[in-house]
Amino acid sequence: MAHDMQQPATSPVTDHVHFQTVEGDIREPEHIPHHKENFVTKYIFSQDHKTIGKQFLITGMFWAFVGGMLSLIFRLQLGYPGQSFPILETLFGKWAAGGVISPEFYYKLVTMHGTLLVFFVLTAGLSGTFANLLIPLQCGARDMASPFLNMLSYWFFFAASVVMLISFFIPDGAADVGWTFYPPLSGVREASVGSRAGADFWLISMALFIISSLLGGLNYITTVLNLRTKGMSMNRLPLTVWALLITAILGLISFPVLLGAAILVLFDRNLGTSFFLDEIYISGQHLDQVGGNAILYQHLFWFLGHPEVYIIILPAFGLVSEVLANNARKPIFGYRAMVLSMMAIAILAFVVWAHHMFVTGLNPFVASVFVFLTLLVAVPSAVKVFNWLATLWQGNIRFTPAMLFAIGFVSLFISGGLTGIFLGNSSLDIPLHDTYFVVAHFHIVMGVSAFFGMLAGVYHWFPKMFGRYMNQTLGYVHFWVTLIGAYLVFWPMHYMGLIGLPRRVWSLDAYQNFSMYGDLNRFMTDAAMLVFFAQILFILNFVYSIFWGRKVTEKNPWKSNSLEWTTEIVPGHGNWKGPIPTVYRWPYDYSKNGEEFIPQTVPYKPGEEKLHH
Amino acid sequence: MSTTLIITLAVVLFVLVVFQLARMMEYVSLLRGEEKARTENDQLQGKLMLVFLIGGFAALGYSLWIVRDHLWIEPASVHGHWLDSMFFVTLFFTGVIFILTQVLLFYFAWKYRHRPGRKALYYPENTKLEMWWTVVPAIVLTTLVIIGIYRWFQITGPEPDDSMVVEITGQQFLWNYRYPGPDNKLGDFEFRYISGINKVGIDFNDPASRDDFMATEMHVVVNKPVLLRIRAKDVIHSVGIPYMRVKMDAMPGLVTRFWFIPTITTKEMREKTGNPDFNYEIVCDQLCGNGHYGMKGVLVVDTQEEFDAWAKSQPSFYETYVKGTDEEKHFAQVSEQLRKAREGEAQKGGKH
């Protein structure tokens, strides 16, 4: 753990705002560029980290809407198999001839749902939004280390979005080979309708996406390491910043591997190489591409794919820790353990990937090593859960919508995390692998949980982003419907998985062993619709509040300790009007010595207990 | 169409009503004083936390009650019983932690809700406590890892010597089964020999292949170990047999394996389930294309006598479908090409 970089001021200082003297801050107030901003530089090609954060958020919300919509359509097929919905034919033509979703369409829907939610929403939409918004504001920096690269990061994401969106409208449609994109299904054009042009679009879009993620990640890391304000030592950073820093490091190490894999699949598809292809006989043809290995792709994919789920969940950890402490009016319990457990999870993230491959024919000894390492992840995860519980204990809890979502996050993270203990144990994985049990597990622990973390963040920092509040009552309705609905949708999937019901099936008609779950499927589809409507309520609330929400009238509406609340209500480019404030303490001095909160900019009083910060 | 319209209109109206009500609430709370409104909110939300906790567990119990007959299928293999007992051990530990943490979470949320005059406790850490909740989960997980790995090596270890062998080959979107025939030896294969007739590419140059036979259903013998040799022709498939607790991917270019000992015959299972049409089903568990959902196979567990009678009735594939046909000519042609290609390779290698 880093030591204090500056000596904390020990004498009572009344004017706790100093000029920043740390080298590396290249933007002293008098140098803030005051060039005229027009609409394009302010809202479109903006280099202001706050605007870029909003761009990521709004693009992420667009994709969340599309991705959620796709899931509703395929849930219709699962809940009401074979039933005709004429409106689907009106909307999608040949893909839903007669109003019934065709298998081709179904597999496109599940593939794009997974891709969009995992990458475009819960990676770009979550990290992109909050790393951009919070890192400079909470570290005390005027902007990112490289605002230009930061802008490029968003526009590469935008380009990736455009390519992905175009693939929806080409004649053979989008990719349909699963978000994991396993070759040979994805590597051979003849293997599937969606393995034609749609797969090339997918791969190119992902390559652009990875570039975006790398540009962003480099910036986040550099900014946290180099541009912290005076007094902001590493162990005075809010847990949000820690989480986002660790996330960026994970992404920086693992995403290039996926880029490599994507390029190799493109080669196999278009240049006749055979990195992943061997002894294939398809459409009456023997392919000459031999000597590759399909398992190699899975190693490459999951070397990113597993860290990826932590790239998704770690920012949520950070946001939730901050929101819980702030609204419980208590210090986060065990700050050091929280940071160490995130580091432990990040390190383990790189040595557990093969637990996705227990039944691929992997060497059983290798698999057993991965079992051990995988179940180790449960230890730091358990520490985090217990620390969150201890944070609530003896608190004085204020139930803002953000706080509700943070509590909901902890509940979902427990529920989904525990099923990981079943799946990570290779023997138990045999009957459960690729069944609905897995679908339940990752949707609860990674999908819905991360969404809850993200929503907690949106409700909490909305006033900072737009200078207005979101409507609280709508927030409450949104929360309760979503929490209850999410459990109703995903909990029953465990039951289906227990009897081996396979995932990714368009219809169960072929099987008699699984025929009993028709009613339950219908119930889950109905619940999914309910949840989706609650999200529409949220989007309406979001858009309405940007323009007409109740105005924020005080700088620090949540009585928070961290630096972002020392700026103007709506900070301009450069964040602080005067000098950047100096930091004297950690951000979790809540309810200390009878004071409800003590911002980081307040120096220690003589004789005040200092903990280890 | 009109129903869609009505539903859409109803939903839009409902959303608008909720939206307007929520806006009104905001004004009302402003009029009545923000602090007071906030405190009232905290009471309500705190109580809802408790309601959710109790309601949630009630719903959990109710849901288990309605699906009680469909939650579990009796394992029909030896290792299936091991896995089931391991499942229940894991369920016990995780269940305890689940109940404990969910109860504490929502109970704390309710108990420590904001009330006027309430103060939070400044309590930033307790190293001893944190040690405890690191060490205890670590011990529990170690136990589970030890059980798991012990069973894993038993399941994935070498098959017993008296195992019978079945080759199962996945293709879009069906399974092919090949049996070794009377000599108990599966003949070689080579993917270049795959054709419309020779579906799995049997190498007829190998004498052991001449008595191999192909089947449309997989037959195995009760209480006799069976080794599956698993192949794929085109894309990745996965052999899943839920009742047997079997699952293993089928990879083009590789042969994977899985062995198990079935313990209940199909007939016995028909009586147990009270379903005269019951069959053990083989599921494809890896997305393999647009027909993936229909890639079902049937497994029949026979007694030894039944199996022998069935096996005897299955004609040799070579004798029946290949010998003296165009397919044999085709095979000879490909075989010759391959031999030449190999010789060429060898010569090239020699020049270096």
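**Figure 1. Separation of the two domains of chain B.** Taken over C-alpha atoms, the centres of domain 1 of chain B and domain 2 of chain B are separated by 47 Å. The model is predicted. In the domain assignment of chain B, domain 1 covers 27–116 and domain 2 covers 164–339.

**Figure 2**

**Figure 3. An open sheet in chain B.** Five strands of chain B form an open sheet in the order E4-E10-E9-E6-E7, and the pairing is mixed. Strand E4 (218–221) and strand E7 (246–250) of chain B are at the edges. Each of these two edge strands has a single partner strand, so one side of each lacks a neighbour in the sheet. From one strand to the next, the twist averages 25 degrees.

**Figure 4. Pairing of E4(B) with E10(B).** Strand E10 (residues 297–302) of chain B pairs with E4(B) in the parallel sense, over four bridges. Strands of a sheet pair through backbone hydrogen bonds, in either a parallel or an antiparallel manner. Met218(B) stands opposite Leu299(B), a residue in E10(B).

**Figure 5. Helix H6 of chain B on the sheet.** Helix H6 (residues 304–313) of chain B packs on the sheet and touches E4 and E10 of chain B. The direction of helix H6 of chain B makes about 140 degrees with that of E4(B).

Conventions: Residues are numbered from 1 along each chain as its sequence is written. Chains are lettered from A and ligands numbered from 1 in the order in which they are written. This is a predicted model: local features need pLDDT of at least 70, side-chain atom pairs count only at pLDDT 80 or more; totals for chains, interfaces and linings use all residues. Domain bounds come from an automatic or database domain assignment. Two strands pair if DSSP finds at least two bridges between them. Axes are lines fitted to C-alpha atoms, for helices over the stretch in contact, and angles run from 0 to 180 degrees between N-to-C directions. Two residues are in contact if their C-beta atoms, placed from the backbone, lie within 7 Å.
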